[in-house]
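Here is a short report on one protein chain and its ligands.

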Amino acid sequence: MGVKEFYFTGGEPFLHPEIADILKEALKLGTTTILSNGTLITKEIAQRLFQISSQSKYKPEFRVSLESYREAENDLIRGKGSFKKALSGIQALVCAGFNPIITIADWSKYGRFTKEREDGFESLARSLNVPQLRLKKLPLVLLGRSAELIRPYRKDEQVTESCFDNFSMDNLQCATSRIVTSKGVFVCPILIGDQKAWMGWSLKEALGPYMMESPACYTCRTSGLTCKNDDFLSYETHTFQGGKELKILAKDTVRKLVNEFYATAAMQPQKELCCPSSYNPADLSHIPQEVLNISYGCGSPVTQANIKPGESVLDLGSGGGVDCFIAAKMAGEQGQVIGIDMTDEMLRNANASKEIVARNLGFDNVWFMKGFLEEIPLADECVDVVTSNCVINLSTQKEKVFQEIFRVLRNGGRFVISDIVSDKEVPLSMKQDKKLWGECISGAVTEKEFFHITKKLGFYGLEVVNRYRYKEVERVKFYSITARAYKYNKSKECVYSGQYAIYNGPLSSVSDDDNHTYPVGIPIEICTDTAWKLSNPPYKGMFIISDMQNKDVKISCGPQCC
Ligand SMILES: C[S@@+](CC[C@H](N)C(=O)[O-])C[C@H]1O[C@@H](n2cnc3c(N)ncnc32)[C@H](O)[C@@H]1O
Ligand code: SF4
């Protein structure tokens, strides 16, 4: 029947005396996951399973459920002594060489056990020497014991036909699987025992549709609940400042989950994702509403980019295209705008809107290309301006992105970037949260780090032209900033030839990125490259630059100067 994945659940699968042999057979056919409460996993059985696993075509996954990282809270729900037994089961699996997933019920919606849960699970996993913390959070289904402890579903908590409009049914567990039990086949593990969810005696019979009558379907629809393993997430070792080594999500994993996140966001507008970015309505008049519905920026970089007619603009992570279309009007018929994004669904939407924008403007100067920020598919020094709106935080290779921006910018070109930064380093538990990655939280660097990277890569004149508070998550404050900086390649011909600069004030003195200091009103001798920089944005108008050049005096300015 083409079954690709097997899940064993209970009761408790390890109660079955032949579980090891059953798993051995399943592992010949596909990836196999065992959902256990961990209490019956002994060292012996864990070692036997490791032996089986090393000789099998497919690998097993173990998921051990805990209610809490605190013994009392866990045992309140799962029974006295179950916490200690579950930990010993996890340890047995770890000692045998497995990296079990810990499943936790997410009570946060109902105001229980919310505080510091993930940190708690993280330190618990560390104390058990689990190689990587792999948490699967399952929202509570208000059936059985949860209905008694919290409340049953209300009448209005039911799925309707229209709530599946624009919803990918593949997200639901029941779309691709069935649960086989000794009492027949049910539509999904959540509804075992519900007679309306009984689908027949054989898998073949059970492949028909299910009416989704259970209120539990409401939880699946609203929370994205699926019992399938998350696309677990590969990690790599990263050495942080101070030599501390930690496992973090590998870059390909992040790319993949960001890609999935924005593929969904392209098809189903996500209101809660939109930051309040303020565009001038006049800049938007030629842009269809569909573009604005999927605009997920956190600022308005093009508004601050001072784009002139005829300039070429590159927008990184162009999404539905909003910034490209605003830039298109500014750059005019002689200019050109290129949007780069890795997500097909975003590119498809942007290309569909491009024709409407071209019709409204009377010219077509926008192109969308598939590509990565880290490997921009353009030649060196080919654009005047690079913009990006809430994207670079989504990359795990920020230095690489800024290197690429430097490479594609023409000499004297500028970037204007709106992005999310944090006031302190984002903790590991947040860096491992798939959803927070998509929401531009997990990948944010501190504002200090953002400046450090851009300066290190040679940009000058960095200024923050806008900053506002975005949100606070677990005591980390996040800000949206719009930053602008310039590229300048030192010229070979740069010399001192008698030119000087006088700083106009109002500060008593200022320094530039090349460590020249200019006290107000005092002429300071400068080289020809510095003269160019100080005469152009962002310094234009701040200095009086003498144009006097003494042709006889030509002292090389040297590598330390500019
Ligand atoms: C938060 S949305 C912002 C979209 C757009 N700038 C806007 O303001 O509406 C992030 C976009 O960046 C794209 N993206 C994220 N990481 C990327 C990468 N490494 N390379 C290319 N595109 C990326 C996503 O596909 C998504 O469309
Ligand atoms: S509870 Fe409903 S929506 Fe969820 S998996 Fe089962 S049948 Fe599907």
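## Overall chain

Of the 562 residues of the protein chain, 37% count as buried. The model is predicted. Its C-alpha trace spans about 95 × 55 × 45 Å along the principal axes. The secondary structure comes to 18 helices and 24 strands.

## Shell around ligand 1

Ligand 1 is surrounded by 25 residues. Gly297, Gly317, Gly319, Met342 and Thr343 are the closest. Two elements give two or more residues each: helix 9 (251-267) and helix 12 (322-331). Helix 9 supplies the largest share, three residues.

By residue class, this shell holds 12 nonpolar, nine polar and four charged residues.

## Shell around ligand 2

Around ligand 2 there are 13 residues. Those that come nearest are Gln173, Cys174, Cys188, Cys217 and Cys220. Helix 7 (173-176) and helix 8 (216-223) are the elements that give two or more residues to this shell. Helix 8 gives the most, with three.

The shell around ligand 2 has 11 nonpolar residues and two polar ones. None of its residues is charged. The shell around ligand 1, by contrast, includes four charged residues.

One open sheet has three strands in the order 6-7-8, with antiparallel pairing. Why is one side of strand 6 and of strand 8 left without a neighbour in the sheet? Strand 6 (179-181) and strand 8 (198-200) stand at the edges, and each has a single partner strand, so one side of each stays without a neighbour there. Neighbouring strands of this sheet are turned against each other by 40 degrees on average, direction ignored.

Strand 7 (residues 184-186) runs antiparallel to strand 8, and two bridges join them. Across this pairing, Val185 stands opposite Gly200 in strand 8.

Terms used. Residues are numbered from 1 along each chain as its sequence is written. Chains are lettered from A and ligands numbered from 1 in the order in which they are written. This is a predicted model: local features need pLDDT of at least 70, side-chain atom pairs count only at pLDDT 80 or more; totals for chains, interfaces and linings use all residues. A residue is near a molecule or strand if its C-beta atom, placed from the backbone, lies within 6 Å of it. Helices (H or I, at least four residues) and strands (E, at least two) are DSSP runs, numbered from the N terminus. Ala, Val, Leu, Ile, Met, Phe, Trp, Tyr, Cys and Pro count as nonpolar, Asp, Glu, Lys and Arg as charged, and the others, Gly among them, as polar. Two strands pair if DSSP finds at least two bridges between them. Axes are lines fitted to C-alpha atoms, for helices over the stretch in contact, and angles run from 0 to 180 degrees between N-to-C directions. A residue is buried if 20 or more other C-beta atoms lie within 10 Å of its own, exposed if 12 or fewer, and partly exposed in between; C-beta atoms are placed from the backbone.
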